[in-house]
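Hi,

Here is the model we talked about. Have a look first, and my notes follow below.

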Amino acid sequence: MPDMLHGTLEVLILKTLVQGPRHGYAIARWLEQATDAVVPIEEGSMYPALYRMEKRGWIAAEWGMSELGRRAKVYRITPKGRRQLVSVTEQWAKFSAAVSNVLLKG
Amino acid sequence: MTDKSPRWGRWWRPAVDDEVSDEFGFHMEMRVRDLVAEGLSPEEARAEARRRFGNLQDTSATCRALAHERDHHMHRPLRFEGIRQDVRFALRYLWRHPGFAATAVITLALGIGATTAIFSVVNAVLLRPLPFPEPQRLVDIHTNWRGNGSNVSAGNFTTGIERASVFDAVAAVQWSSLNLLDETTAERVLAARVSAGYFDVFPMTPLHGRVFTKADDVPGHDQVVVLSQRLWTRMFNADPTVIGRDVRLSGRPYQVIGVMPDTFDPTTEREEIWLPIAFTAERRMTHDEHFLSVFGRLKADVTAAQIDADLAKASARIVAADAQANQERVFAIRPLTELLVGNAPDRLRIWMAAVALVLLIACGNVANLLLARAASRQGELAVRAALGAGRTRIIRQLVTESLVLAAVATGLGLLIAAAGVRALVSLEPDTIARLDQASLDGTVFVFAVALAAACALVFGLWPAWSQSKSSVPSGIRQAGRGSESGRIGERWSTGLMVAELAVALVLLVGAGLMIRSVVALERADLGFRTDGLWTGRLSLPADTYADPARIVLAIEDLRQKVRAIPGVSSVAVTSQVPMGVGGNSNGLLPEGRTYDPSNAIDARLRIVSPGYLETLGASIVAGRSLSDADRRGGQKVMVINSRLAAAAFPGENAVGKRIACCEQAPDGHGPDFKTVVGVVADINWRGPGRPLSPEFYLPATQVPDEAWSWIQRTLYLVVRVPGDPLSLTEQIRLATRATVPGTPLFDVRTMDERRSRSQRAQTFNTTLLSILGLLGVVLASVGIYGVMAYFVNRRTREIGVRMALGATRSDVLVMVVRHAAVAVATGLAIGMALSFWATRLLTSQLFNTSPNDPLTLVLVSTLFALVALAATAVPALRAASVDPTNALRAD
């Protein structure tokens, strides 16, 4: 279960960043709102996920000016990350279609 | 540090720790802001924010670790990119400055090439193990009598060694020169008679056929031979059907049963054919003829204590078997490699030291070249520093340049080394075992690369360090001449020049001493006249010359025939000439001493015809020489040398006294005494500079019958031919053929040739050291030229000013020469001091020459000083011809 959550978290973050570069706090807020707090996001797992994805080259970071008037680390998705998102979305669609098939038929 | 710019972009990266704590801090701040906006108090908001974050420490640590990994992954391509760039820059720099590149590369290549060549020799001779399994178990076995080592008798081998328990295998070997006859060809080959265990001590798979077994090592079943690949190729055209064929060796037929590969040369004697030694039962009981070399392969797990104990038991056995022959005789072993290597370590150490000095001079030259370059690169480096290259980056780039230079030089150096090795192998006169196996193998290649890298760091690191230190503003403003670092560079340059001079002088002094030593060797008095003396050997076949009377007649006949040849002033026959191979020694007992082996004096035996000492030109100091009057059946006489006279009858006149040797008295009781009729002045029979021995001469007419077997019926014919001795060779051959048909002459040389041969090791050493010395001088001179040219170049403006103010050309000349002369004098002084200490290394190789010989030192120093000053001539003259107007205009 934690593994699935792990991978899911990364996909959600990638989806967020498709809409534009965001800093870590903004990503956390979006995740809270978008999943209606059904998926509890602990900062403790989100930031390592971000660093992992940065290491893998799915997202890249810059430092820009923030609302607070201080610099902040801003993440954006990379072409590699976009490819990963597409591939996982496809897999998820296949998976959920198959499961729905089994569960909702008969 | 606060930065006012709004965006830093992706090129700015904070340190990882800052990055993580910064990011989390930002997150907390934002959370607090939002919570406060929802209605919490600041304190509550902060507490809530911290709670929601979770475990701050662990998350921090995890993210920091991930960030480090990320950086590692991302920076690797960047790092490599940097090195690739550096290498490209370095190569481009060398390409654009061909003069500098060529000089540096060639200088360094000479140094690395020479050192690598000598190392290949060291590798082949000292480092490579013998080509047999577990070579550290191979030993040479001999006996010691009163501290003197000697070969082993067949009896002692059988009783002592074959019954020892610490060996897996043992072998006895005797070498002789035999006539080999095949259908059409006859050749004289070096043969080794070996016992059955030989191929167990030195296991190697034969190329064809098989090796000896115990069954072959029995008299009657021993007419089998194994050939060497070399002989097989030469005489039989590498025909595999030769196995099973018969050949004739010194008259007897032998069947060829095997061929051994060329790499099979266990004792580096280069024998070409092996036969079984096949001791007879009688032979196995003879304990007093010590003629065998014995080798053994120790068992795998024996301790030194066990070996000592077993050898002690063996020594006890041989004393019990024959107390007279073996009293005070003990067995001793030493590693085979020790025997084979001999004094090679001493000689090779000298070669290595000399070539290392040459390499130092070469590195010094390259360092100077780099220093000279440094001044002109000041500007370029300053600009790079301004553009953001850190100090480490600049050092890294300069060191990369040195490494690239060293790499290119290594390529050329390996070619030079290959040529050098080939030259060494072909010119070295066979005095160092295994030198002919020197080659550029893996070990040598690794050595060359490591050496080049070390050199690059030596001459590259310091200039790189000092160059990177220069501060930005001063560097850009003053591009090149007159700058502070330029002056410091010059001081170092001069210092290097002084060091090179010192080192080159040491090399030259070494070479000079060796030359002096060789000259002394050639002039040394050997106790007889070596010029105009023809020598040759012949081996009388055992079957036709079994009767000693027949041998004596043949000798007489031969003497008369050769004497009749016009141009011959005297002829004689002997069992061993000075500096000739072979020879026997016997224990002599002077009359008056108790008949006990401990009173015997070991002396070298010479069986001679009358007139031998006269033909040699030796001087009789007391009594007479042997003559025709000394016939068989007459009073038994001998002539001894001064050394033996002093040992046998100290302080007395030896003439008329008696000495016993070689046989029992005819009545069977006690030893057979011979009367000393003359004493001859000592002869250096091993060659100049080698130790003397007691010697005794017996007339051929009177020697015991067994003596002819001791010397294997091989005799030297000695002919005094004033003028060119070898011109009479053909006629002497005819005379020999007429007297003893079927007995070819071999080993025909003049005595002078034998003398040169005996010194060939020293002559080669001297030649090699002289070449290295010359190389060192040439490199040092080039270095001096370079340093002085740089010196003059830097002072062009100053010279222009001086000349404008009235200095004459000769004033300028003096200024330059004075600077050079000071450096040269300092260098020579340091060099002389160093050579006092360094030439101690040569002591073992010098004859009659002290390592601190003042004449050599003074001569060499003066010569070198002149060469050094000559090297400064061109830059000095160029300085003197500076045009003041041009100089002042130049910037």
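Across the interface of chain A and chain B there are 9 salt bridges, counting a side-chain nitrogen of Lys or Arg within 4 Å of a carboxyl oxygen of Asp or Glu. One of them joins B:Arg31 to A:Glu32, at 2.9 Å from N to O. On the chain A side, α2 (24-34), α3 (43-56), β2 (59-65) and β3 (71-77) each give at least two residues to the face touching chain B; helices (H or I, at least four residues) and strands (E, at least two) are DSSP runs, numbered from the N terminus. The largest share, 8 residues, comes from α3(A).

Bear in mind that this is a predicted model, where local features need pLDDT of at least 70 and side-chain atom pairs count only at pLDDT 80 or more, while totals for chains, interfaces and linings use all residues. Residues are numbered from 1 along each chain as its sequence is written, chains are lettered from A and ligands numbered from 1 in the order written, and side-chain values use heavy atoms, leaving out hydrogens and water.

Now the sheet: three strands of chain A form an open, antiparallel one in the order β1-β3-β2, where pairing takes at least two DSSP bridges between two strands. β1 (22-23) and β2 of chain A are at the edges with a single partner strand each, so one side of each has no neighbour in the sheet. β2(A) and β3(A) pair over 7 bridges, and A:Ala61 sits opposite A:Tyr75 in β3(A).

Cheers
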